Amino acid sequence: MSGATQTRRQFGDGPLSRITSRVYILLVVELLLLLTTLPALLPLLVLGRHPSNLPLAALLLVPVGPAISAALYALRHQRTDLTDLRPATLFWRGYRANVLGVLRIWVPTLLWLTVLAVNLAYRGAVGLASWWAVPLVLIGVGVTLCAANALVITSLFDFRTRDVLRLAVHFLVRTPGVSVGNALLLAAAAGITAVFSEAVLMLLASIAVLAYLRISDPMIHLIRKEFTS
């Protein structure tokens, strides 16, 4: 019995096994991300890149928040042991547990960013001076980075929404490396979308979520250490 146990342990702990299991986990999470977002994102692929389409684009992006949250949950809690791979189970568990909390963060974020983007695009028509572009962009970046922190916190911890927002703002300053990393990740995503298309970004979604999770590790560690028992 001990020999069989040792064999299973070695089978699940070797470098090749870890690589294989990681690839499998990412593939499953990628498929589930596509499954939960593709019905809404397909129209986005053919939507013209005109400022008048910004409200519709925001509406189509609503399902993306819960899907990213579920992927964060699955990638965080899934072990790489080949004898215990269940990313799909973890994905759906995270989706069901966090969907309402995530939407309370995600929908207002999309609304804020849409308002800012529309005002930025039509600042001449609404009578805003050109220098307003700088503060509008800075506010948009701040809202986005705060929402990025809040999405991770909501996905992995059980806090009230107002406490999630307080922690998200707190860790913007407390963990600047996380904020910079998220900003670079968002810039890379925007670059991929601009150079190629949204479809390419969608095909890299699970890798992007894994990078997002790794960037957030310092914040996750501090929250677990200081704000949970």
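Rings of Phe, Tyr and Trp count as a pair if their centres lie within 6.5 Å. The views below show a predicted model.

**Figure 1. Ring pairs link Phe 91, Trp 92 and Tyr 95 into a cluster.** A search of the whole structure finds 6 aromatic pairs. One of them joins Trp 92 and Tyr 95, with 5.9 Å from centre to centre. Their planes stand at 55°, and the pair is tilted. Both residues sit in helix α5. They are 3 residues apart there, so about one helical turn separates them. Trp 92 is partly exposed, at 31% relative accessibility.

**Figure 2. Phe 171 and Phe 227 form an edge-to-face pair.** The ring centres are 6.2 Å apart. The planes meet at 75°, and edge-to-face applies because that angle is over 60 degrees. Phe 171 belongs to helix α7, whereas Phe 227 lies in the segment after α11. The pair therefore ties together parts that are 56 residues apart in sequence. Phe 171 is buried, with a relative accessible area of 0%. Phe 227 is partly exposed, at 38%.

**Figure 3. A salt bridge joins Arg 76 to Asp 217.** Side chains of opposite charge can pair when their charged atoms come close. Searching the whole structure gives 4 salt bridges. In the one shown here, the N to O distance between Arg 76 and Asp 217 is 2.9 Å. This pair links distant parts of the chain, 141 residues apart. Arg 76 is in helix α4, residues 64–77. Asp 217 is in helix α11, residues 217–226. Arg 76 has 31% relative accessibility and counts as partly exposed. Asp 217 is also partly exposed, at 24%.

**Figure 4. Arg 160, Asp 163 and Arg 166 form one salt-bridge network.** The side chains of Arg 160 and Asp 163 meet at 2.9 Å, N to O. Those of Asp 163 and Arg 166 meet at 3.4 Å, N to O. Asp 163 and Arg 166 both lie in helix α7, which spans residues 161–174. The two are 3 residues apart, about one turn of the helix. Which of these side chains is buried? Asp 163 is, because its relative accessible area of 18% is under the 20% limit. Arg 160 is partly exposed, at 47% relative accessibility. Arg 166 is exposed, with a relative accessible area of 56%. Salt bridges with shared partners hold the three residues in one network.

**Figure 5. Helices α5 and α6 contribute to the lining of the second largest pocket.** Rolling a probe the size of a water molecule over the atoms shows where empty space is left. The second largest pocket holds about 150 Å³ of space. Its lining consists of Arg 104, Ile 105, Pro 108, Thr 109, Trp 112, Val 143, Cys 146, Ala 147 and Leu 165. The elements that give two or more residues to this lining are α5 (87–121) and α6 (133–156). Which element gives the most? Helix α5 does, with 5 residues. By class, the lining divides into 7 nonpolar residues, 1 polar and 1 charged.

Methods:
Residues are numbered from 1 along each chain as its sequence is written. This is a predicted model: local features need pLDDT of at least 70, side-chain atom pairs count only at pLDDT 80 or more; totals for chains, interfaces and linings use all residues. Side-chain values use heavy atoms; hydrogens and water are left out. Helices (H or I, at least four residues) and strands (E, at least two) are DSSP runs, numbered from the N terminus. Buried means under 20% relative accessible area, exposed over 50%, partly exposed in between (1.4 Å probe, protein chains only). On a 1 Å grid over the protein atoms alone, a cavity is a set of points where a 1.4 Å probe fits but cannot get out, and a pocket is an open set with protein on both sides within 12 Å along at least five of seven lines; lining residues have an atom within 4 Å of a point. Grid points are joined across faces, edges and corners, and a volume is the space filled by probe spheres set on the points. Ala, Val, Leu, Ile, Met, Phe, Trp, Tyr, Cys and Pro count as nonpolar, Asp, Glu, Lys and Arg as charged, and the others, Gly among them, as polar. Rings of Phe, Tyr and Trp (its six-membered ring) pair if their centres lie within 6.5 Å; planes under 30 degrees apart count as stacked, over 60 as edge-to-face and the rest as tilted.
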